[in-house]
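Student: I have this one open on my screen and would like to go through it with you. Could we start with the helices and then move on to the strands?

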Amino acid sequence: MTIDLGGTRIRSALVDAAGRLLVRRECPTEAGQGPEAVIERIVGLAQEVREASPADGACIGVGVGAPGPLDAEAGLVLSAPNLPGWENLPLRQILETRLGLPVRLANDANVAALGEWRWGAGQGYSDLLYLTISTGIGGGIVADGRLLLGRRGLAGEVGHIILEPAGPRCTCGNRGCWEALASGTAIGREGARAVREGRAPLLAELCAGEADRVGASMVGEAARRGDPTAGRIIRRAAIYSGSAIASLIHLFSPGIVLLGGGVMALGDLFLRPIRQTVRRRVMPAYRDAPIARAALGGDAGLIGAAALFLDRRDPMSEETLSPETIEQVRRQVLQSYPELEGAEVSVRQQGRSPEEIAVATRLGMPLPHEAEEPRFSVTFRKMVVAEDGVRIPLTVRVTVDTQGRIVKGQERH
Ligand SMILES: [Zn+2]
């Protein structure tokens, strides 16, 4: 089960191991009524989803996406500008008690990144950037095949990259953040100012002279109809965005950059100058990373929160062997396979592939990696020279327990 807690709406769904939404429900957040009332609504909605679920026993946990910054490890919402009164709130613990299911919590943009990576436009990439440009700007970074979490799970607040140290005030209190310069809110604010100053006649017509009604989509509409000021506002937001994206590309070298969020509805008007700016600003070695639109739309987070439980490499609690244990296994294998000296070694926890999880879920069994003592596959790969002088790949895979004791093994030439 998943929950997407937003400033205006709460959504909940039942998602299967293939990322399909089986049941979905939503209700208004009414954040002004304070945390207790909102939590009551979350619990009620989750219970509705559970009751409507085809097989209740199959629900293995609740993945929650909530506004950041939040402490994903401790399950705390630290503060949320759109949710007044939410300060250091232990949301995970509260929901576990109320729902009687394990709960995992992550930043809403991070879970959307997981959704796009696992089931959307980012499938098959081990490095990707997901950026969502809407009321604010957020993102998620997948690097080397896992979601980058950072200390307390606070990494990936891309919207607060500072582009103009003396720029407009941001919701975070700082000045000149990317979010303060190029979010939907920023585009609307600049449009409203242009109307007040009499610089955008077409936009003024669209909002019937009421500058407060101007939003990003209205500025886009005016730009499309040929209002030069509206066109400049969109273009400037796109150039700021392209500059921020170019910096992120240099930092993380993604295989693909995915753009989502409401402002992407502006289409090529916004996307084309972003692409041009990135192309101009990144070094040649990085230019082949495509900049594409995200595929799951507003459901990315609702679907992606399921990946907190289903992911092949569980991003919240991945287990692995210590370097000492791996070295101990390596020495043991080399005693019988001296030709594997210098082989490439990889380690994977067993029972975590989506296929294994899908079967266990359908059979109503506990997840394999949670039910049993953890087992790890340690694989050694090397090109070796056979008796006839031909070079062939040799693969030896052993299954070990947490102490590094070999339980079984197999070799393949
Ligand atoms: Zn900021």
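Student: What do the buried residues of H1 pack against?

Tutor: This is a predicted model, and in it the buried residues of H1 pack against the strands E1, E2, E3 and E4 (62–66), and also against helix H2 (91–99).

Student: Which residues of H1 are buried?

Tutor: Val38, Ile42, Ala46 and Val49 are buried in H1. Seen down the axis of H1, its buried residues fall within an arc of 70°, so they line one face of the helix.

Student: Why do residues three or four places apart point the same way?

Tutor: An α-helix has 3.6 residues a turn, so residues at that spacing point the same way.

Student: And what is exposed on the other side of H1?

Tutor: Glutamates are found there, with Glu36, Glu40 and Glu51 exposed on the other side of H1.

Student: What should the 18 residues of H1 span?

Tutor: H1 covers residues 35–52, and at 1.5 Å a residue it should span 26 Å; its end C-alpha atoms are 26 Å apart, which agrees.

Student: Switching to strands, is E2 buried or exposed?

Tutor: Six of the seven residues of E2 (residues 9–15) are buried, so this strand is largely enclosed by the rest of the structure.

Student: How many bridges does E2 make with E1, and how many with E3?

Tutor: E1 (residues 2–5) pairs with E2 in the antiparallel sense over four bridges, with isoleucine 3 partnered by serine 12 of E2. Seven bridges join E2 to E3 (residues 21–28), and these two strands also run antiparallel; here alanine 13 has arginine 24 of E3 as its bridge partner.

Student: What about the hairpins there, how many residues do they have?

Tutor: The hairpin from E1 to E2 goes through three residues, whereas the hairpin of E2 and E3 has five residues between the strands, and glycine 19 in that hairpin takes a positive phi near 80°.

Student: In what sense does E9 pair with E12, and how does it run with E10?

Tutor: With E12 (residues 256–260), E9 pairs in the parallel sense over five bridges, and tyrosine 130 has leucine 258 of E12 as its bridge partner. With E10 (residues 137–143), E9 runs antiparallel and is joined by six bridges, leucine 131 being partnered by glycine 139 of E10, and a hairpin of three residues joins E9 to E10.

Conventions
Residues numbered from 1 in each chain as written. Predicted model: local features only at pLDDT ≥ 70, side-chain atom pairs only at ≥ 80, totals over all residues. Buried ≥ 20, exposed ≤ 12 C-beta atoms within 10 Å, placed from the backbone. Pairing = 2+ DSSP bridges. Expected span 1.5 Å × (residues − 1). Arc of directions from axis to C-beta. Contact = placed C-beta atoms within 7 Å.
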